[in-house]
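Take a look at the structure below. This report walks through some of its contacts, helix pairs and core.

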Amino acid sequence: MIISILIIPLLGGIILLLSSKRPRWHFTVNFLVSSASLIAAVIVLTQTVSGRILTLQIGNWPAPFGITLVADLLSSVMVLLTAIIGWAVAIYANKYVNAHQAGEGFFALMQLMLFGIYGAFLTGDMFNLYVWFEVLLIASFSLMTLGSTSRQTEGAFKYVLLNLVASAFFLVGIGLLYGVAGTLNMADLARKAAMMENTIVLQTVALIFMVSFGIKAAVFPLYFWLPASYHTAPIPVAAIFAGLLTKVGVYALIRVFSLIFIHDTNFTHTILLIVAGLTMLSGVIGAAAQNDFRRILSFHIISQIGYMIMGLALFTPLAVAGAVFYIIHHIIVKSNLFLIAGIVERIHGSFDVSRLGDVYKKWPLLALLFFIPAFSLAGIPPLSGFWAKLTVIKAGLDIRQFAIVFVALGVGLLTIFSMTKIWAQVFWKEQPITKEHRNTGNNPVWMELIPVAFLALLTIIIGLLAGPVFEISNRAAEQLLNHKPYIEAVLGGGR
Amino acid sequence: MRSLILNTALRFIAPIMFLFSFFLLVRGHNNPGGGFIAGLVAAAAITLYTLSSGVSYGRRLLQIDARLLTGSGLLLALISGIPAITSGQSFMTGLWLEKTIIVIGKLGTPILFDAGVFMVVLGITSNIIFELMEHN
Amino acid sequence: MQLFLPLIIGILFSAGFYLLLRRNLLKVILGIALVAHAANLLIFTMGGLKTTRPPIIAESKKMIEGLVTDPLPQALILTAIVIGFGVQVFALILARRLYQQTGISDINAVKNSDVNTEQVEKDGSL
């Protein structure tokens, strides 16, 4: 069953690649492929939600020698979220991707990028994680440069360079890890790392991985590529990037620092905690200085990632569950905000908040749809963001880490300020009339409102049904902290 | 860049390169060689032709669109994993025929996979070369 | 070899990072290539340096006999080289396109995407 999650997008990508002469069909094909992925993801989640761990040894080579795919609860939740965003964007893209771009391979690259993301979430092997990272990066590089305006090339260049540096660090870490442990299978690594006596080298390796994944997850002081590049990409692409790509880095951090590098949490997780605080602060302060709709949102990605890292760094069951909950909430909300920014731009022809206005008066439905994710992001009850923040902060209070709780609360306030700024500037105030700037005369269409409404509905559902969602996060966190079932599921059959 | 020496030499070198790449491809599953390196050797031949006679000649030599070649290669590699599923084994398990053939050795699904890799590498590498040469 | 390889890796890393910190776009990409090579050599070295036979099963045998080198690091390096080849070529093409579009070859001048939209439009550099 796991394999279908990988085969569907790959097959879809290949079909789209081969039919580049018939771009008119691409939208339909892409939608069907995304729907199939969504169904497969739901099926996998129903199988793992009880705590079962699915494994697959590709090519029948037993772990730890072969390529292993593992779907535990965290992986399946991440896969489902990816499928949801992929599905929503597949509908949304109809209005934004013209036949020419589709012919150049927009949808094919999109499916191949999703293929890479699924793979990264499902793999049970460090080197394979590297390969999946590269698959999704190469696809994302190409997606980013598809429009080839000079601003896009610039943004893509920064993105590419920094990610290549991160990949090099990742490789170095893999090399050292193999030298120390003699294996790269995550379950095997967890087993061997727990028995290791001399952990100095392991700590060095942990720090190298922290830098590498830190760049990809955009944590303080490694996040500068993100606000410089995300806002240059086409909106459907930016929405997927914003929702998913940094979260792949966060996922890798959570996986590695809850499974392998846990021998000296005083050292590693304290660093993570400090990083988390600074990430939250710098992100939200950066957002306050911006005027571009997308750049404000980009900086907020950074500050929100701080909360997830904080959950990981506190490293209690409740905190890790909070981090998982936060990821669930954040992926849906952030992608949605980017999609809305795209709609506003299509109507008013600008991303600059000082030039926008009057959206509330003209399109009250759109304003309502923005209101839900924006104030969920800011943490207003009873929306999903409130419960996510509450869990993480409660976990911090429980183990008396008051400094980080103080920072988290302060950043929450500043987030409200920032969202209110967008609300007031874009939706509430009267639009300033200038000569050089004129509305495009476009109206929002159902094709783009449906995915936005769908994601907003999910935000509300997560908020109202916070109990069950929290229960899932809790179980995922338990699986992360209790390695025995994971190790047995991966290595058990072979010995 | 047109060079008489390269042009003349290529007439002898290129067929050998293509043959050698085929040789590498079919022996790859048991001996040093394989789809990747075979693809690179074939792409090297295409590259040399493109250097000596221009992009349009290189494209004609490749016969089919480079991107199409990449796509079909991917498809072939993916298909090579399917027989294992239908016979009840894990995805991408290698299945082999009993008989052996001279030069090639045993036949099985891994050779399909290798052929797919060959096409992907050839397609991507020549596409890069065409892309770089065209806009100069 | 035990001494030689670490030395080479060290030189490659330092040269690579030195180039990464230069301002010329091309040099930065070359720096990345060097760092990637150094990482590959590092994996190779970490696999253990032994003078043994290659891990290939002899024609008439069913299994590997005697001591052979660990094939895994080599498989890893091969994969990493292939991936590195792809992304480095991509970066190179991207750098060339950037140069063609904007005439920039100095990495410090690549800052159009760092400022707000409005400022760029005012400067007229968009």
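In this predicted model, 13 residues of chain B are in contact with 12 residues of chain A. Sorted by class, chain B's side of that contact has six nonpolar residues, six polar residues and one charged residue.

Now turn to chain A and its helix pairs. Helix α2 of chain A spans residues 26–48. Helix α3 of chain A covers residues 73–92, and helix α5 of chain A covers residues 106–122. The table sets out how the axes of each pair meet.

| Helix pair | Axes come within | Crossing angle |
|---|---|---|
| α2(A) and α3(A) | 8 Å | roughly 160 degrees |
| α3(A) and α5(A) | 9 Å | roughly 165 degrees |

Start with α2(A) and α3(A). Their axes cross at roughly 160 degrees. That makes α2(A) roughly antiparallel to α3(A), because angles over 145 degrees count as roughly antiparallel. α2(A) passes α3(A) in a left-handed crossing. On the α2(A) side, the residues that meet α3(A) include Phe31(A), Leu38(A), Val42(A) and Leu45(A). On the α3(A) side, the partners include Leu73(A), Leu80(A), Ile84(A) and Trp87(A). By class, this contact has 15 nonpolar, seven polar and no charged residues.

Next come α3(A) and α5(A). Their axes cross at roughly 165 degrees, so these helices are also roughly antiparallel to each other. Here α3(A) passes α5(A) in a right-handed crossing. From α3(A), the contact uses Ser75(A), Met78(A), Val79(A), Thr82(A) and Gly86(A). From α5(A), it uses Leu114(A), Ile117(A), Tyr118(A), Phe121(A) and Leu122(A). Seven residues of this contact are nonpolar, three are polar and none is charged.

Which residues have the most contacts inside the largest nonpolar core? They are Ile309(A) and Leu312(A), in a core of 266 residues. Helix α14 of chain A, residues 317–348, gives the largest share of this core, with 21 residues. Leaving aside residues up to four places away in sequence, Ile309(A) touches Val219(A), Leu253(A), Leu272(A), Val275(A), Ala276(A) and Thr279(A).

Finally, look at chain C. Leu7(C) is part of helix α1 of chain C, which runs over residues 4–20. Is Leu7(C) buried or exposed? Leu7(C) counts as exposed, because it has 9 C-beta neighbours inside 10 Å and the cut-off for exposed is 12 or fewer. Along the chain, Leu7(C) and Ala109(C) are 102 residues apart. Their C-alpha atoms are separated by 35 Å.

Key
Residues numbered from 1 in each chain as written. Chains lettered and ligands numbered in written order. Predicted model: local features only at pLDDT ≥ 70, side-chain atom pairs only at ≥ 80, totals over all residues. Axes fitted to C-alpha atoms, helices over the stretch in contact; angles between N-to-C directions. Helix = DSSP H or I, 4+ residues; strand = E, 2+ residues; numbered from the N terminus. Parallel < 35°, antiparallel > 145°, perpendicular 65-115°, else oblique. Left-handed = near helix turned anticlockwise from the far one by under 90°. Contact = placed C-beta atoms within 7 Å. Nonpolar A, V, L, I, M, F, W, Y, C, P; charged D, E, K, R; others polar. Buried ≥ 20, exposed ≤ 12 C-beta atoms within 10 Å, placed from the backbone. Core = buried A, V, L, I, M, F, W, Y, C linked by C-beta atoms within 7 Å.
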